[in-house]
Amino acid sequence: MNAEAAVSGGQPPADRYGEDMLAHTVPTEARRHLLLQRLLDPETKRILTGLRIRPHWRCLELGAGIGTVARWLGEQCPDGRVVATDVDVGPLRSAAGPRVEVLRHDVTTEGFPTGSFDLIHTRMLLFNLPARDAVLTRAADWLAPGGWLVVEEPDAFPIDSSPYPAFRRAVQAGEELVARSHGAATRWARGLPEYLRAAGLVDLGLSVKIQHAGNGAGGNEFWRVLLTQFGPGLLDAGLLTETELAAALALFDDPGFVDAAHATVSAWGRRRPTFADGTRHRARSAGGQSAGR
Ligand SMILES: C[S@@+](CC[C@H](N)C(=O)[O-])C[C@H]1O[C@@H](n2cnc3c(N)ncnc32)[C@H](O)[C@@H]1O
């Protein structure tokens with residue numbers, strides 16, 4: 001199940017996400033989160049809608065950030081329950097809305113009872129955590145029979161064939177930086193369907209979307225903010241020179257620049273339904289829903 005292509009050769013560090021360049025206290029971090037939601041929310045909502053969310057569902061959003069997905073889930077499930085977690089719930093408290101229960105919760109050390117949720121969604125969280133495989137397996141256990149786990153994470157594989165050396169170099173240096181700083185695995189998400197299958201989930205689905213940077217691309221501002229936040233760390237670690245960093249940042253002002261930056265891999269699967277007659281799982285009908293649901 002561990003399909004990480006470790007960028008860094010050493011031991012993964014302890015989980016230190018959010019203590020440095022990605023801390024919620026970094027002045028541009030709130031803006032980075034906002035740009036991320038704008039880029040990713042449409043595809044997330046499309047995928048979740050395709051799972052035919054029911055009003056009574058119990059939902060869990062792990063590492064919810066500023067909570068736009070949790071808020072939306074709250075609107076979809078007025079008769080159910082939506083729990084949104086994060087290690088830093090400051091931004092969530094103000095943004096998640098009245099239908100969402102906000103919970104300070106470290107997913108690497110805290111859990112939920114088996115079978116608690118009909119839907120668990122997480123995005124841009126697991127790749128940051130050295131314990132990502134274990135967390136995914138535990139999350140699958142928090143699903144009720146028939147419940148869905150939806151995981152959306154970035155994979156940097158498109159950057160390897162970028163025709164822009166300055167951008168390629170900067171993104172690859174950023175991959176090394178986050179691997180060293182908190183054990184992030186930026187080449188892990190490609191295997192998500194297999195990880196979900198190994199966790200015992202069925203009815204798997206997959207969507208891979210390329211995120212663009214460059215003039216006119218929605219991701220341009222996100223990449224500018226991200227690379228600016230990473231800049232001091234990249235220079236301190238000797239991963240980029242000032243000239244290389246400046247060359248990469250200059251691309252975001254170049255009207256001729258547009259490129260595939262990374263992929264967002266979204267994968268989903270569900271826990272086998274258990275029926276009153278004791279059978280574990282029945283094949284999906286042609287209409288897409290399992291019998292007995
Ligand atoms: C890149 S942000 C993604 C936020 C949101 N899921 C999204 O897609 O916009 C990662 C979030 O995970 C949270 N996080 C990091 N480590 C965590 C942990 N161990 N348990 C729960 N949340 C964590 C961070 O505080 C941050 O809000």
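Predicted model: local features only at pLDDT ≥ 70, side-chain atom pairs only at ≥ 80, totals over all residues.
User: What angle do helix α1 and helix α7 make, and how far apart are their axes?

Analyst: Helix α1 covers residues 29-50 and helix α7 residues 219-236. They pack at an angle of about 150°, and their axes lie 9 Å apart. Angles over 145 degrees count as roughly antiparallel. Therefore α1 and α7 are roughly antiparallel to each other.

User: Which residues meet between α1 and α7?

Analyst: From α1 come Arg31, Arg32, Leu35, Leu36 and Leu39. They meet Gly219, Glu221, Phe222, Val225, Leu226 and Gln229 in α7.

User: Now the strands. Why is strand β1 largely enclosed by the rest of the structure?

Analyst: A residue counts as buried with 20 or more other C-beta atoms within 10 Å of its own. Strand β1 spans residues 58-62, and four of its five residues are buried, so the rest of the structure largely encloses it.

User: Which way do β1 and β2 run, parallel or antiparallel, and how many bridges join them?

Analyst: β1 and β2 (residues 81-86) run parallel, joined by four bridges. The chain gets from β1 to β2 through helix α2 (residues 68-76), and this β-α-β crossover is right-handed.

User: How many bridges link β1 and strand β4?

Analyst: Four, again in the parallel sense; β4 covers residues 117-123.

User: Where does glutamate 61 find its bridge partner in β2, and what stands opposite glutamate 61 in β4?

Analyst: In β2 the partner is alanine 84. In β4, histidine 121 stands opposite glutamate 61.

Notes: Residues numbered from 1 in each chain as written. Buried ≥ 20, exposed ≤ 12 C-beta atoms within 10 Å, placed from the backbone. Helix = DSSP H or I, 4+ residues; strand = E, 2+ residues; numbered from the N terminus. Pairing = 2+ DSSP bridges. Right-handed = clockwise from strand over helix to strand, strands pointing away. Axes fitted to C-alpha atoms, helices over the stretch in contact; angles between N-to-C directions. Parallel < 35°, antiparallel > 145°, perpendicular 65-115°, else oblique. Contact = placed C-beta atoms within 7 Å.
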